[in-house]
Amino acid sequence: MQGNVACAEGALAAGCSFFAGYPITPSTEIAEHMAARLPKKGGVFIQMEDELASIAAVIGAAWTGARAMTATSGPGFSLMMENIGFAAMTETPCVIVNIQRGGPSTGQPTMSAQADMMQCRFGSHGDYSIIALSPASVQEMYELSAEAFNLADRFRVPVFLMADEIIGHLRERIEIPDSVPKTERKPLPPGELPFHPGDDLVPGFPRFGAGHGVHVTGLTHDERGYPCATNPRVHEELVRRLVEKVESKRHEIADYRVTNPDAELVFVTYGSPARSVEQVLHDNPEKTIGHLRFRIVWPFPENALREFPNARAFLVPEQNLGQMAREIERHTTVPVIRLPRFGGALHTPEELVAALEALA
Amino acid sequence: MRHEVRFSGFGGQGIILSAVILGRAAVMYDGNYAVQTQVYGPEARGGASMSSVIIDDAPILYPKVRDPDILVIMSQEGFEKYGANAAESAFMILDSSLVRSRPRCRYLGIPATTEAKNTLGREIVANIVMLGALVRATGIVREESLEKAILDSVPKGTESLNVRAMKRGMELASGEKGQ
């Protein structure tokens, strides 16, 4: 099965019932597959006029209680940024897939990249937090696509599946489970104010049509949902909570894989470069090379770096100029070696071995 | 048992579908592992198209082909771009009706396009002729697995044409001696 198809199938298994999107290489197969599959399952597929409208429709569908998704790539992702901020501010659970291609601008439509990692974290204006997952196989396209909906519903944030063209277009063997784990969206208790947070800092969800009177606005709002845009205290409390509801749980949200924790030289990866590192570890079985692979990239789980107490260097192969390498540098005194490879090609195992030898 | 297979030809010959069918046969009917990748760009519309399959009995980590041991070449431009530098230890099947050059490695010439047009009546099944020849010559997947994967992948109403194309490829590979 192809990675993009597995992404769509994972979403369907998670109960996604609404997809709005605008086709763009290299993500189009997701929309094509959803267009074929969703109506037969009683869901809704809409091809929108552009990406601004796509994310807007997804937000609207989410407020009716649906698990809603869109998929795009760099240029469309840029167009979505305004309403991604609206989703963050209004605490709208939704899933946004970005099959990353070369940028900036229209860049390299058919080639792989991982250069939108900072944009997914910080691309809309204002302070907020989000969750981003990064699959390294067709199997993970399925599993993490499904898991993205659970995280979106639990934390009421936009959740990003940040794949790359190589994984999106890879066809490989996949085992489809009988079912996927499902977290229910916490409903708003009767009589509660619609934006009153629970102990977990997340308000119950006042689904449209469930009898709640609720006002949804991108303006700073109080717990009633009413605009309250000039009160510094209300704004600070709201924005701190939007960030803290995710960041305070980052070690619980964390999802990563550790191989050879005693190693001194440690590769840190997410997405397709993980496959090159796995090949290097397979070809050098003496356990001297470590590998930390993030399946969830944001919120950044810095404790993962401490799984390698003997590390004397973190080597970070990325299809960008060092976006996550910079984040890793913020959290460690161990030297971080950037191994950028962009233009569309995947790091070869040979070039990664050469990088190790340069440090030996 | 790792094999790296590279297909090349021009856009429209079904180069990518050939790789998908071979991978499907290996995974779904032989129980092995396979990954399929392709050069995915505008040049594939009429220009040299390329796709690859890695088949292994163990999970495949690095997904890109590095050193293909089997090549299926269906156009002269495909030969020049993706076949000419094949390792001497590799094995190539080429469409002798379209490829003028010959490689340094062991090879088998199959007039797939001519056969598809004249014997089978549809040029479009030339890639299936090549797949039949490939599997007969290398045994990379079981022949019955290939047939099932072809039937999964081709449009309704063309099943018997495609099975005849596969069988014709197998006959040609049995008749020709590799050079």
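This is a predicted model: local features need pLDDT of at least 70, side-chain atom pairs count only at pLDDT 80 or more; totals for chains, interfaces and linings use all residues.
Q: What makes a residue of chain B count as buried, and what percentage of the 179 do so?
A: The cut-off is 20 or more other C-beta atoms within 10 Å of the residue's own. In chain B, 53% of the 179 residues count as buried. As for contacts in chain B with a separation of 6 or more, 61% come from residues 24 or more positions apart.

Q: What is the order of elements in chain B?
A: Chain B has six helices and six strands. Starting at the N terminus, they go β-α-β-β-β-α-β-β-α-α-α-α.

Q: Why is strand 8 of chain A said to pair with strand 2 of chain B?
A: Pairing takes at least two bridges between the strands. Strand 8 (residues 171–172) of chain A and strand 2 of chain B have two, in the antiparallel sense, so they count as a pair. One residue to look at is Glu172(A), whose bridge partner in strand 2 of chain B is Val35(B).

Q: Which strands make up the open sheet that this pair belongs to?
A: The sheet has seven strands in the order 8(A)-2(B)-3(B)-1(B)-4(B)-5(B)-6(B), and the pairing is mixed. Within that order, strand 1 (residues 3–10) and strand 4 (residues 70–73) of chain B run parallel, with four bridges. Val5(B) in that pair has Ile70(B) as its bridge partner in strand 4 of chain B.

Q: What makes strand 8 of chain A and strand 6 of chain B edge strands?
A: Each of them pairs on one side only.

Q: Which strands does helix 1 of chain B lie across?
A: Helix 1 of chain B lies across strand 8 of chain A, plus strand 1, strand 2, strand 3 (48–56) and strand 4 of chain B. Its angle to strand 3 of chain B is about 10°.

Q: Where do the domains of chain A lie, and what separates their centres?
A: The domain assignment puts domain 1 at 3–169 and domain 2 at 258–359 of chain A. Their centres, taken over C-alpha atoms, are 26 Å apart. The contact takes 26 residues from domain 1 and 21 residues from domain 2. Helix 5 of chain A provides the largest share of the domain 1 side, four residues. That side of domain 1 divides into 17 nonpolar, six polar and three charged residues.

Q: What makes strand 9 and strand 14 of chain A edge strands?
A: The open sheet here has five strands in the order 9-11-10-13-14 of chain A, with mixed pairing. Strand 9 (256–259) and strand 14 (336–340) each pair on one side only. From one strand to the next, the twist averages 20°.

Q: How do you know that strand 9 and strand 11 of chain A pair?
A: The requirement is at least two bridges. Strand 9 and strand 11 (residues 289–294) of chain A have four, in the antiparallel sense, so they qualify. Thr259(A), for one, has His291(A) as its bridge partner in strand 11.

Q: Which helices lie across strand 10, strand 11 and strand 13 of chain A?
A: Helix 10 (residues 273–283) of chain A lies across strand 9, strand 10, strand 11 and strand 13, at about 155° to strand 11. Helix 12 (residues 349–359) of chain A lies across strand 10, strand 11, strand 13 and strand 14, at about 155° to strand 13.

Terms used
Residues are numbered from 1 along each chain as its sequence is written. Chains are lettered from A and ligands numbered from 1 in the order in which they are written. Domain bounds come from an automatic or database domain assignment. Two residues are in contact if their C-beta atoms, placed from the backbone, lie within 7 Å. Ala, Val, Leu, Ile, Met, Phe, Trp, Tyr, Cys and Pro count as nonpolar, Asp, Glu, Lys and Arg as charged, and the others, Gly among them, as polar. A residue is buried if 20 or more other C-beta atoms lie within 10 Å of its own, exposed if 12 or fewer, and partly exposed in between; C-beta atoms are placed from the backbone. Axes are lines fitted to C-alpha atoms, for helices over the stretch in contact, and angles run from 0 to 180 degrees between N-to-C directions.
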